[in-house]
Amino acid sequence: MAKTFITSLGLLALLTPTQAFAQVIPQPWVSVGGKDGDVTYAVGARALNFGVELGVGTDGATGVDVLRFVRLPVISPYVGLGYYSEDKGVAFSGGVQVGATDNVFVGAGYNSVRGINGQLGIRF
């Protein structure tokens, strides 16, 4: 009887359906910041805890960063690595995004080419 009960519990745990997402919807954001007195801009999107951000930094340098998010209950910290033109080279970034409402999130971050920035994004 005990073997049957343990086997039944194991099968129940194994076959219990888990939540699945029918489609992946990216979460876009815009970012404005500054470094060395210059205003910097970026747009980004996040899906499956990865993100891509296209930015314009100091001296007109443009580049792209690939971000990795850590999903926590309220906040989502991230780190990133990118490459920028105008001899800026490799850029490092990090920051955090926080859900303000069900459909809006805000964030703050730092990028070695674009400086400190604030973010505003939406969830669909």
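**Exercise 1.** Is lysine 88 buried, partly exposed or exposed?

*Solution.* Start with the ground rules. This is a predicted model, where local features need pLDDT of at least 70 and side-chain atom pairs count only at pLDDT 80 or more, while totals for chains, interfaces and linings use all residues. Residues are numbered from 1 along each chain as its sequence is written, and side-chain values use heavy atoms, leaving out hydrogens and water.

Next, apply the classes: buried is under 20% relative accessible area, exposed is over 50%, and partly exposed lies in between (1.4 Å probe, protein chains only). Lysine 88 has 29% relative accessibility, so it counts as partly exposed.

**Exercise 2.** Find the salt-bridge partner of lysine 88.

*Solution.* A salt bridge puts a side-chain nitrogen of Lys or Arg within 4 Å of a carboxyl oxygen of Asp or Glu. Lysine 88 meets aspartate 59 at 3.1 Å, N to O. The two lie 29 residues apart. Aspartate 59 is exposed, at 59% relative accessible area.

**Exercise 3.** Trace the salt bridges of arginine 114.

*Solution.* Step one: arginine 114 pairs with glutamate 53 at 2.8 Å, N to O. Glutamate 53 sits in strand E3 (residues 50-56), 61 residues away. Strands (E, at least two residues) are DSSP runs, numbered from the N terminus, as are helices (H or I, at least four).

Step two: arginine 114 also pairs with aspartate 65 at 3.7 Å, N to O. Arginine 114 lies in the loop between E7 and E8 and aspartate 65 in strand E4, so this pair ties together parts 49 residues apart in sequence.

Step three: shared partners join Glu53, Asp65 and Arg114 into one network.

Step four: check burial. Arginine 114 is buried at 1%, glutamate 53 at 2% and aspartate 65 at 0%.
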